[in-house]
Amino acid sequence: MPNADTVVVLDFETTGLSPTMGDRAIEIGAVRIENGEITGRFQELMNPGQRISGFIEDYTGITNSMLKHAPSCEEVMSQFADFISGYNLVAHNASFDKRFLDAELSNISRTYSGQFACSMLVARRIYPHAPDHKLGTLVRYANIPSDGAFHRALYDSEMAAKLWQAMLRTIEKQTVLPEIPFKLLQKIAKTPKNSVRALLEHS
DNA sequence: TGCCAGGCCCTCTTTAGGGCCTT
């Protein structure tokens, strides 16, 4: 059985910001972290059945010609549903990725059992003095080595995973807990900024 | 780099508005 505190850190590239406005996923990237080690990776382009805008081509480097012969969203998301089965999930600004995960899995009548935690909400509390809380800024702020090639799904999920692990190490120094439970991370994300220290001291 | 949406957060708030973050 998977450990409840094993997580899959995931990132979608999409045609836009809102599945309710007709936007679709075009790439999914994810890494599985078990006992602090990356033990699995997933990356696939997928054909959304619509042309992507010039803005998205420029933003991601993913072109219409790259997607032309990619497998369908349905095929890729079916494999991805298997990859995340039984694991809790992490994403940077998780509400965005959760909307696309829910929409794409709903299209193929699949579900998932894991819960989401958001690395951006945790970072706002653990790194309150960062210049901002964009993924790229936080990676630099936490001194995580990076070649700067953001906005591809696997790369961003790897960077978010390293940020997640860096925040876990920071939190560990502020508690007496030998390991930081996933539920505590979810709780940190929902705790008012000025109450986080007290929460950790009493955990 | 922007627009589109939505959830969270802050404040000159709660009968609200606007910034952040994701593509």
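Predicted model: local features only at pLDDT ≥ 70, side-chain atom pairs only at ≥ 80, totals over all residues.

Residues are numbered from 1 along each chain as its sequence is written, chains are lettered from A and ligands numbered from 1 in the order in which they are written, and side-chain values use heavy atoms, with hydrogens and water left out. Helices (H or I, at least four residues) and strands (E, at least two) are DSSP runs, numbered from the N terminus.

**Positive phi**

- Most residues other than glycine have a negative phi.
- Asn35 has a positive phi of about 50 degrees, though it is not a glycine, and sits in the loop between strand E2 (25–34) and strand E3 (37–45).
- Asn35 is also exposed, at a relative accessible area of 71%; exposed means over 50%, buried under 20% and partly exposed in between, with a 1.4 Å probe and protein chains only.
- Asn93 is another non-glycine with a positive phi, near 65 degrees, and it falls in the loop between strand E4 (88–91) and helix H4 (94–107).
- Asn93 is partly exposed, with a relative accessible area of 33%.

**Largest pocket**

- A pocket here is an open set of points on a 1 Å grid over the protein atoms alone, where a 1.4 Å probe fits, with protein on both sides within 12 Å along at least five of seven lines; lining residues have an atom within 4 Å of a point.
- The largest pocket holds about 710 Å³ of space, a volume being the space filled by probe spheres set on the points.
- Its lining has 26 residues, with Asp11, Tyr59, Phe96, His151 and Asp156 the closest to the centre.
- Strand E1 (7–14), helix H1 (54–60), H4, helix H6 (135–141) and helix H7 (153–172) each give two or more residues to this lining, and E1 gives the most, with five.

**Second largest pocket**

- About 420 Å³ of space lies in the second largest pocket.
- Of the 19 residues lining the second largest pocket, Asp5, Asn35, Gly36, Leu168 and Glu172 lie nearest its centre; Asn35 is the exposed loop residue with the positive phi described above.
- E2, H7 and helix H8 (182–190) each supply at least two lining residues here, with H7 giving the most, at five.
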